[in-house]
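Have the viewer open as you read.

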Amino acid sequence: MAQTPELSKPTKWKGIAEIAGISLMADTVDNWSQIQTFKAKPDDLLICTYPKSGTTWIQEIVDMIEHNGDVEKCQRALIQHRHPFIEWARPPQPSGVDKANEMPAPRTLKTHLPTQLLPPSFWTSNCKFIYVARNAKDCMVSYYHFYRMSQVLPDPGTWDEFFEIFINGKVNWGSWFDHVRGWWEIRDRQQILFLFYEDMKRVSKLLLRDHWQGSCLRNVSDRDVWKNRVNVKTRFHSPQCYLHPQDPKHEIQKVMQFMGKNLDETVLDKIVQETSFEKMKENPMTNRSTVPKSILDQSISPFMRKGTVGDWKNHFTVAQNERFDEIYKQKMEGTSINFCMEL
Ligand SMILES: Nc1ncnc2c1ncn2[C@@H]1O[C@H](COP(=O)(O)O)[C@@H](OP(=O)(O)O)[C@H]1O
Ligand SMILES: O=[N+]([O-])c1ccc(OS(=O)(=O)O)cc1
């Protein structure tokens with residue numbers, strides 16, 4: 001069994017610390033009591049993700065919905081300043097909790113915390129959560145490039161080294177497997193809208209999803225579906241088997257309904273366009289271009305890097321892929337969650 005390589009540390013760097021075995025920025029850990037005693041409100045909306053799962057994307061979508069598709073209003077501030085990041089701390093700047101406390105209700109907040117580390121008041125205040133999950137392989141690739149460009153994170157080493165670090169959960173915010181499992185398991189016990197990056201990305205396809213098996217059976221064309229609706233159902237002999245359209249607009253509509261908003265089709269179409277990868281990559285309010293190079297060096301890798309599904313195929317070796325699939329099977333055993341790894 002390969003050893004987990006040690007991450008080498010940048011100079012002038014405060015470091016990484018742990019809470020209950022989960023790596024976090026040391027400043028976050030130093031501020032832990034303020035974070036844990038944070039008082040959520042019933043009308044809070046909390047955006048929850050494992051890092052690199054499309055946080056910025058869902059933030060922009062939520063903000064656009066909240067502001068009825070008004071682009072100018074969404075340009076009021078950098079995306080990282082619009083929604084307080086609950087566990088963020090970087091003294092002497094105000095912490096995420098400080099910023100949330102100053103924010104008028106109704107608040108939209110953000111976290112990467114796994115369920116077991118979330119401030120308890122979120123569970124008791126009956127607020128709403130939007131969780132976006134991204135398939136582990138693309139998430140790992142995106143996190144690797146983020147570690148490379150970040151000047152405040154340890155050096156990720158080579159891809160092969162980072163692969164070991166990621167599967168062992170020794171990255172910030174811990175194990176992808178535990179994070180996703182944790183949020184998936186509680187999705188029906190709280191007001192949680194559980195979304196998939198891949199569903200938000202998929203364009204103009206209808207997906208046949210069997211919820212009993214929890215598996216994507218195959219993609220079918222729109223024409224296929226409407227023509228063969230009954231046949232398809234009959235063929236799979238499963239009452240749970242149904243045809244489910246998924247594309248950015250459909251997912252945005254789900255978010256809109258969850259937020260209790262009602263926007264007309266033209267506004268929804270505008271939100272789809274404005275939150276596309278291409279638009280957000282060019283938008284200085286979302287692309288992190290104003291973050292100093294001493295923190296994020298985008299000449300190494302852009303923050304808005306590729307925004308695709310399946311880039312893992314350009315990074316994983318065949319052996320790594322086989323090993324990963326085996327580990328995935330073990331770690332995700334017994335859960336009904338299912339990811340699409342390519343579109
Ligand atoms: N509008 C959009 N559409 C698709 N992907 C987007 C997107 N905005 C950001 N992303 C992608 O989401 C990832 C960053 O996630 P987060 O915001 O959680 O840090 C990056 O993935 P890649 O590195 O694979 O390109 C980024 O390119
Ligand atoms: O890994 N990190 O240290 C990390 C990841 C994400 C992050 O914030 S975000 O706004 O890019 O999601 C900050 C730090």
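This is a predicted model: local features need pLDDT of at least 70, side-chain atom pairs count only at pLDDT 80 or more; totals for chains, interfaces and linings use all residues.

## The shell around ligand 2

Which side chains put a polar atom by an oxygen of ligand 2? R288 has one 2.8 Å from an oxygen atom of the ligand. For N172, an N or O atom in the side chain is 3.0 Å from an oxygen atom of ligand 2, and for Y143 the corresponding distance is 3.1 Å. As for cover, ligand 2 on its own would expose 350 Å², and the protein buries 90% of that.

## R288 and its ring

Besides its polar side-chain atom 2.8 Å from a ligand 2 oxygen, its charged end sits over the ring of F303, at 4.2 Å from the ring centre.

## The shell around ligand 1

Now for the other ligand. Ligand 1 has 18 residues around it, and the closest are T55, T56, S142, Y197 and K306. By class, that shell comes out as six nonpolar, eight polar and four charged residues.

Where do these residues come from? The biggest giver is α3, with three residues in the shell.

## Polar contacts of ligand 1

S142, one of the closest residues, has a polar side-chain atom 2.7 Å from an oxygen atom of ligand 1. G54 takes part through its backbone instead: a polar backbone atom there is 3.1 Å from a ligand 1 oxygen. W57 faces a nitrogen atom of the ligand, with a polar side-chain atom at 3.3 Å.

How much of ligand 1 does the protein bury? Of the 570 Å² that the ligand exposes when taken alone, 97% is buried.

## Aromatic pairs

A search of the whole structure turns up 34 aromatic pairs. Take Y131 and W183: their rings are stacked, 5.5 Å centre to centre with 25 degrees between the planes. Y131 is in strand β5 (residues 128-133) and W183 is in helix α10 (residues 176-185), so this pair ties together parts that are 52 residues apart in sequence. Is Y131 buried or exposed? Y131 is buried, with a relative accessible area of 0%. W183 also counts as buried, at 0% relative accessibility.

What about W184 and F194? Their ring centres are 4.9 Å apart and the planes meet at 80 degrees, so the pair counts as edge-to-face. W184 sits in helix α10 and F194 in strand β6 (residues 191-196), ten residues apart. Both W184 and F194 are buried.

Key. Residues are numbered from 1 along each chain as its sequence is written. Chains are lettered from A and ligands numbered from 1 in the order in which they are written. Side-chain values use heavy atoms; hydrogens and water are left out. A residue is near a molecule or strand if one of its heavy atoms lies within 4 Å of it. A polar contact is a pair of N or O atoms within 3.5 Å; within protein, one must be able to donate a hydrogen and the other to accept it, and residues adjacent in sequence count only if both atoms are side-chain atoms. Accessible areas come from the Shrake-Rupley method with a 1.4 Å probe; for residues, only the protein chains shown count as cover. Helices (H or I, at least four residues) and strands (E, at least two) are DSSP runs, numbered from the N terminus. Ala, Val, Leu, Ile, Met, Phe, Trp, Tyr, Cys and Pro count as nonpolar, Asp, Glu, Lys and Arg as charged, and the others, Gly among them, as polar. Rings of Phe, Tyr and Trp (its six-membered ring) pair if their centres lie within 6.5 Å; planes under 30 degrees apart count as stacked, over 60 as edge-to-face and the rest as tilted. Buried means under 20% relative accessible area, exposed over 50%, partly exposed in between (1.4 Å probe, protein chains only). A charge sits over a ring if NZ of Lys or CZ of Arg is within 6 Å of the ring centre and within 35 degrees of the ring normal.
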